[in-house]
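Have the viewer open and follow along.

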Amino acid sequence: MRSRALLEAKKAQLYLWERNKNTSQIKNYVALEKLAAAYIASGEVELARHLFDTIPKPHVACWDLFIRTYAWNGPFKQAISMYRKMLDSGVTPSKFTFPFVLKACSAMLAIEDGRMLHDHAVKLGLQSDLYVCTALIDLYAKCGNLILAQYVFNSMSSKDVVAWNAMIAGFSLHGVYDDTLQLFLEMQRAGVRPNSSTIVSLLPTMAQANALSQGKAMHGFCVRRDFHNDVVVGTGLLDMYAKCRCISSSRIIFDTMGIKNVVTWTAMIGACVTCDLMGEALELFNQMVLKGSVNATSATIGSVLRACAGLTDLRRGRCLHSYAIKSGCFLDMMVANTLLSLYAKCSIIDDAIRFFSEMRFRDTISYNAIISGCVQNGFAIDALLISREMYSSGVYPDSTTLVSILPACSHLTALYQGICGHGYSVVHDFVADTSICNALIDMYSKCGKVDIARKVFDRMQRRDVVSWNAIIAGYGIHGLGTEAISLFHDMQVAGIEPDDVTFVCLLSACSHSGLVKEGKHWFNAMSIDFKISPRMDHYTCMVDIMARAGLLEETYKFIEEMPFEPSINVWVALLAACRLNKNIKLGEEVSKKIQRLGPEGTTNFILLSDMYKTLGRWEDAEKIRIMQRSQRLRKSPGCSWIEINGVTRAVPGSDQLSPQRTNAP
């Protein structure tokens with residue numbers, strides 16, 4: 001149909017040129033305007049614009065036609081540019097001009113241009129025009145100036161359903177739940193009947209406020225008004241229920257919908273991901289593909305990739321990566337960032353880094369995904385290198401970036417890098433973020449600066465249980481067990497309920513400070529007074545506390561009475577104590593238990609061999625080493641991290657070429 005219209009337009013243009021072949025230009029301007037309109041209807045905007053530029057004095061309706069085209073289809077700047085050219089040519093805008101230009105301003109969030117248009121409308125006496133005011137409300141609301149939007153709305157002499165919807169949608173967009181609901185009630189009191197667009201605007205703010213009861217009431221309202229059969233309303237309802245964690249209701253709505261478009265399928269898949277039903281999300285995607293009635297969009301692929309990441313399903317993730325390449329969705333920034341997160345969560349960090357390097361465009365989320373993936377998979381130094389590249393490329397870190405970078409500094413004890421991160425956080429006002437302060441406390445503690453960690457802790461505006469755990473652990477690793485216990489008491493006074501991690505930190509502090517009595521007390525108190533069941537980490541700490549104190553027999557009995565199978569770490573802690581206390585008999589018995597646990601027990605051979613060497617039993621020590629080699633068990637080589645002029649470097653324990661080693665006296 002469009003190609004036929006284009007052919008007719010070209011025939012008309014040829015006819016006009018034939019009629020005016022003896023003149024330099026076509027002088028039938030009305031015909032040219034109609035021809036330009038025909039080209040626009042055929043989608044040939046450039047041809048239409050070329051014709052338009054040949055008309056000396058286009059009519060205001062012709063200007064409006066082009067402004068409307070650019071406002072709807074872009075580029076939006078052209079709509080504003082055309083408006084300015086119209087004024088420069090001396091043409092007075094009509095009441096239809098302003099809604100089109102204001103729509104372009106809304107799309108660009110160009111509030112200053114919008115204010116200029118508002119002034120022009122007032123000068124032309126259009127400040128009360130229904131369509132102009134509605135467009136102004138939409139502009140101000142989308143730009144976040146709800147006060148101006150409310151002012152324009154209140155100044156309107158008459159308001160139709162579109163004006164009310166624009167106001168409701170604006171308040172809903174910014175999550176102002178109470179005011180949005182109040183507007184909905186006022187709308188009905190004013191005698192204006194809500195339509196399906198009203199409901200679609202209301203549902204997101206209900207979901208954001210987790211107002212399930214109000215959402216159910218709105219669902220009932222939709223059923224009474226017969227809006228629930230509308231595919232857009234149905235999609236909004238299932239999304240609302242999902243965000244309120246009522247996935248069963250979402251599924252019922254989805255299954256009973258007669259018509260499902262790609263947005264509906266994507267919303268339902270996203271709902272399953274939101275409610276941690278990753279397998280169900282993948283199954284829905286399979287059904288969508290098999291039906292073949294809709295094609296997946298970038299949003300669909302992004303949701304399914306998140307499901308794959310949640311299940312660490314690398315095989316399906318790779319299939320979706322291929323699908324995204326074939327469909328062109330991989331060029332979408334959101335899809336690319338989700339792919340990065342998928343590979344990182346599946347511990348395929350090499351593929352993640354390779355894909356990251358191939359990305360044409362990267363934003364803050366891209367860098368955050370790869371940095372976080374590197375840190376989580378033990379590639380801390382790569383995380384720091386990528387963070388430097390991020391800054392040098394003009395993409396500035398946000399608070400999420402810092403939450404990933406600071407643990408990398410902790411892991412590498414890269415104090416200089418950590419201080420730079422702290423300074424950046426202060427300059428950009430990130431230190432008001434509790435998670436940033438928690439990461440700073442951990443970083444300073446592990447870099448040997450527990451005094452600075454305490455200053456960060458004391459200056460925090462809000463402290464959660466993680467904050468207290470971090471500072472208690474910080475004092476613990478520096479052998480300040482008494483101070484750690486004092487902090488635990490302060491935590492209780494502050495009304496913060498300790499969790500199981502708190503007791504791991506507390507018991508570890510007791511272990512590092514040799515506080516046996518206190519360790520036993522808090523181990524018993526956690527289950528009796530705080531109703532927290534001890535897990536393996538707590539038992540490991542208790543074994544370490546008693547074994548370090550030389551209570552080997554008591555420790556062995558404690559392990560035997562554990563309610564679950566002891567881990568290698570538990571037995572290794574006892575074996576290390578046997579070596580220190582030269583208890584060869586118990587050490588050999590513990591060693592046998594470790595050997596039964598399989599190849600993870602590499603440390604066992606080293607400790608037992610060292611124990612024999614300490615007692616001068618060289619032949620037994622050699623037998624242990626031979627046994628270790630026969631089982632092809634090797635200890636991972638040690639590695640130290642040092643900072644030289646702010647640059648973190650790795651120095652393997654076997655590195656004979658280290659400048660520090662070479663220049664050693």
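Which helices each supply at least two residues of the lining of the largest pocket? They are helix H6 (97-108), helix H8 (130-142) and helix H10 (161-173). Keep in mind that this is a predicted model. The pocket has a volume of about 580 Å³, and 21 residues line it, with Lys103, Thr134, Ala135, Asp138 and Val162 nearest its centre. Sort that lining by class and you get 12 nonpolar, five polar and four charged residues.

Now zoom out. The chain is built from 38 helices and two strands, and of its 665 residues, 46% count as buried. Among contacts with a separation of 6 or more, 59% are between residues 24 or more positions apart.

On to the inside. The largest nonpolar core takes in 199 residues, and those with the most contacts inside it are Phe66, Ile199, Ile301, Trp522 and Leu574. The biggest contribution to this core comes from helix H34 (residues 568-581), which gives nine residues. Pick Leu574 and look around: leaving aside residues up to four places away in sequence, Leu574 touches Val543, Ala547, Leu552, Thr555, Tyr556, Ile559, Leu586 and Val590.

Last stop, the backbone. Most residues other than glycine have a negative phi, and most peptide bonds are trans, so here are some exceptions to that pattern. Arg245, in the loop between H14 and H15, has a positive phi of about 60 degrees although it is not a glycine. Arg245 counts as exposed because its relative accessibility is 53%, and the cut-off is over 50%. Thr413 also has a positive phi, near 45 degrees, and sits in the loop between helix H24 (399-412) and helix H25 (415-427). With a relative accessible area of 38%, Thr413 is partly exposed. Finally, the peptide bond from Gly74 to Pro75 is cis, with omega near -5 degrees; Pro75 lies in the loop between helix H4 (60-73) and helix H5 (76-88).

Note on methods: Residues numbered from 1 in each chain as written. Predicted model: local features only at pLDDT ≥ 70, side-chain atom pairs only at ≥ 80, totals over all residues. Heavy atoms only, no water. 1 Å grid on protein atoms, 1.4 Å probe; cavity = no way out; pocket = protein on both sides within 12 Å on 5 of 7 lines; lining within 4 Å. Points joined across faces, edges and corners; volume = space filled by probe spheres on them. Helix = DSSP H or I, 4+ residues; strand = E, 2+ residues; numbered from the N terminus. Nonpolar A, V, L, I, M, F, W, Y, C, P; charged D, E, K, R; others polar. Core = buried A, V, L, I, M, F, W, Y, C linked by side-chain atoms within 4.5 Å. Buried < 20%, exposed > 50% of the residue type's maximum accessible area, 1.4 Å probe, protein only. Contact = heavy atoms within 4.5 Å.
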